[in-house]
Amino acid sequence: MFAALFSALAAAADWVSPTIDYHALAPEIILACGIVLVLLLDLFTSENNKWMLGPVTSFTLLGAFIPVLTLALSDAGTRSLFDGRYVVDNFSLTMKGLFVLAGYLVVLLSSDYLREGDFYEGEYWVLMLSSLLGMVMMASSRDLVSIFVSLEFLSIPAYMMAAWRKRDLKSNEAGVKYFLLGVFASALMLYGMSLLYGISNSTLLTDIGTYVSGDMSAIRAVAVLFVVVGFAFKISAVPFHTWAPDTYEGAPTPVTAFLSVASKAAGFVALLTVVYVGFPNASEVWQPVFWILAALTMTVGNVMALRQTNIVRMLAFSSISQGGFILMPLAIAGEGDSAGAALRAVVTYLLVYAATNLGVFAVVIAVARKTRSGSISSYGGLFSYAPGLAVIMTVFMASLAGIPPLGGWIGKFGSFQALVSAGTTWGYALAVIGAVNTVIAFGYYGNMMREMWMRPVPDGDTTPVVIPSALMVALGLTTFATLLLGILPGLVLHFGDLANLAGAFGG
Amino acid sequence: MEVLSDNNWALSVGTFLPLLGVLVMLFIPKAQETATKAVALITAVATLGVGIFTLTQFNFDQAGKMQFVAQTNWISVLKSTYFVGIDGISLPLYLLSMVITVLVMIYSWNHVPEPGNTKAFFALMLILQTGMAGTFIARDLILFFVFFELVLLPMYFMIGVWGGEHRQYASLKFFLYTMFGSALMLVAFLALFFKTGAESFSIPFLIEQGAGISRSAQIWIFGGMFVGFAVKVPMFPFHTWLPDAHTQAPTQGSVILAAVLLKLGTYGFVRIAIPILPVAAKEWAPWIGLLAVIGIIYGALGCLAQTDMKRLIAFSSVAHMGFVMLGISTLTSFGMNAAVFGMVAHGLITGMLFFIAGSVKERYHTLEISRLSGMLKQMPRMGWIMGFCVMASLGLPGLAGFWGEFPAILSAYQPAAGLSEVTFRIFMVIAAIGTVLAAGYLLWLFQRTAFGEPNAEFSGDSHDDHGSGIHDVNVFEWMAWAPLLAAILVLGVYPNLLFKIIDPAVQGVLSAFGG
């Protein structure tokens, strides 16, 4: 009977089930299982046992990191699934590793915050894991449909997480603003994508790459422009940044850390994929766009950051301006041999920025436990009663400012190197704008240092800051990473060394 | 390059040993101040010991060659290596940084400025030491840049936390100026890297390849470096951070700043900008010379207008570094020798003057020149030490200052081939006028503060008794100052001690000009 059924099926369908490389999909599968597990545990455990959800989430993330490692170490090279629509290569593995580890650090930042703040816990972990799954998928997507699905998958949970302080008006504002602008950006991008499909009759990026080239008709240029602008919202590039400060300020601090690092990195990953695989021959359209975006983003972000009195708002503008620095190399990525250098610069910067910025938020969360305040002046005299935290924060601020030998400088250095390598006037001009911005940025990073070291304690309260162990681990890891990446940058530059672009993107 | 010595660990140990000390200090409780200070001082002395070992093993017959060379992979992706070495130009400055750190620590033993926190203060000095020593031995541009920047943050905190009334303003100004310079310098380094084929950041390699860069590109790249180094020197018109930083910094900060940090800029010109970009150096030389003499005159006039002793010394630094830059701008071996000697001499003398200013401030609680007088009566030893340093600073023959200043002026008479003799002779005359002004403001300073009767408010007679705490040079001050005073005298009487090791190295630098 079964034999008859099988033969009937075989005869009826010329459709062949694709061979699935389960090793390549292992990180995604582990994350998906983790989501289900946390959801079920949350349903069937009593209130007293909810503490276990955080550890389960972090074990899921560490578990997902294992296949990322084994894939990276395997000799099989680039794995291409589903007709090249889903690719696991060095680039995607590097970014998957970044997302998973950043997620782990955010878990460390969140656990005590959630418990003490009377938040929903289980749902938070489920949403965070879902968003991370979206990011991990984004790193491998090479097709308009999978890119869009990943993007929504990573964004929609984040909209809800931003509004997690349910009874706080600002948090609600944060969520709604993020949602509305995010949806608007998605719509723009979808419009661009539909044009691309119309041009090339394919959703596969490599196919699109062959059509979007040569003589740039207006429709092609518009399609490219819309897609780029859609992602510019995601990475909060000026002038599409207006949601970021309000969302960052209103959202719970660990969520802000998550948005400013993981979510932003995911936006960059998508942008890189689309530009390098989809539009490699349309550089005359996107190069000027990135030039203007980068110059505007770092300058406006910096100037606005100078004026902030709230630490999280300051960090929001700082992260906008850092985004400008990360964008910089893309402005010359189409010039001759600079594509590899630009890709390496962006990836390196993202890794370094993730370590440092998560560390900054860890300090912010730790200090806020004592001061219960978000103003920059509440950091006054931190050095006198919490010298360890003050020194660590100084390291992070200096790293963000790009002072050697800390991680941030190697990111900035890579960006400058890529720009200068192009040897064009535009490249040099942007490098000089970047150099000037580096100096302006020290205005607010230095101001933080000044508060901590040179100003008196505002309310005279010098009781030491109590740091829970999870936060301590997060602080230790991020500090270690920031120092190590600065002193031995070879470690991380190796990951970013994707000189062979065709190989890097499995094209 | 042949390895002249197998002791190539010495430079790395001498540079990074202070960081080990900082690590140890982290584990000492904050309350145990004596233990903290002892660990810091022992580290600094041990570092100096390694420095002296380097000195004894240094092959003086080959002072023009890089010695103790060590090269190993560092950031291979960026084509940057960990590459260190030392020659006749680096050696005196490298040792100077170590000596100054030890002396400053001895001085700080019972002079930790407000608001205390001994541990952090000493730790910062050790980090500074690593940055300073590293800059003088780096043979790779990226390594050089890292060390060059490493001194920024410790000095920022030193001024900002332990400084005077306007310390926050001064520290930020210091930082922003320097950072602006180094950002452009980094872009210039990168341009240099790509223009020479993107192969290496190694300085010897770039010296070989640099001459091949087109003239206009050289001029632009030199411009970027010029801003970076000129801010650090500081040259007119980038000098405005200096008087504020010096005036507000604690004594220790001022001494380190004057004695070593300013030399990072001039050293950069001698070691990097000029040998790598000889064509641009020739184009820029008259402009550097012009800014140098403007600095000399401007600094001197600035001094004459000051009412604060420390600010006056700070402005005199602008003038003295002008002489150093004038020597460099001639692009002659005579001028370069003078410049390197001038760097060391200025380090010793101005460092000493800042020490004195600090001690005077501690005793009188003011540095206002009009309120100070009769120092020779009240504390004769301090007065005479000050007299000695003032004489050295104004370039009295027989003391170290003379050998930096006089040859620098003289070298402008005959600049390198291709530079306008007339221009440089005009510079020479202006610089010579500068020395007269220097004598003027320094002697005037000495006369007003040291001669005459002690001011009534400090004499101990008045009912409002400020004078009781005024005592002569104490034992820590003697220990910190005696080596400097001896060095000023010895180098003044026998300058060849230094010239004979500088000269071969200078010849090497100038070989890019075919001479």
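Conventions come first. Residues are numbered from 1 along each chain as its sequence is written, and chains are lettered from A and ligands numbered from 1 in the order in which they are written. Because the model is predicted, local features need pLDDT of at least 70 and side-chain atom pairs count only at pLDDT 80 or more, while totals for chains, interfaces and linings use all residues.

On confidence, pLDDT is the predictor's own score for each residue, from 0 to 100. Chain A averages 87, and 94% of its residues score at least 70. Over residues 499–507 of chain A, pLDDT stays under 50, and the model has 24 contacts there beyond four places in sequence. A contact means two C-beta atoms, placed from the backbone, within 7 Å. Where pLDDT is low, the predicted coordinates should not be read in detail.

Now chain B. It has 20 helices and two strands; these are DSSP runs, H or I over at least four residues for helices and E over at least two for strands, numbered from the N terminus. The C-alpha trace spans about 75 × 60 × 40 Å along its principal axes. The radius of gyration, over C-alpha atoms, is 22 Å.

Next, the contact between the chains. Chain B gives 27 residues and chain A gives 24. On the chain B side, α5 (141–150), α6 (152–162) and α7 (167–195) each give two or more. The largest share, 13 residues, comes from α7(B).

Last, helix α16 of chain A, residues 387–401. Its 15 residues should span 21 Å at 1.5 Å a residue, and the end C-alpha atoms are 21 Å apart, which agrees; the expected span is 1.5 Å times one less than the number of residues. What fraction of α16(A) is buried? The count is 12 of its 15 residues, including A:Leu389, A:Ile392, A:Met393 and A:Phe396. Leaving aside residues up to four places away in sequence, A:Val363 touches those four and A:Leu475. Just after the helix, A:Gly402 takes a positive phi of about 85°.

Conventions: A residue is buried if 20 or more other C-beta atoms lie within 10 Å of its own, exposed if 12 or fewer, and partly exposed in between; C-beta atoms are placed from the backbone. The radius of gyration is taken over C-alpha atoms; the globule rule is 2.2 Å times the number of residues to the power 0.38.
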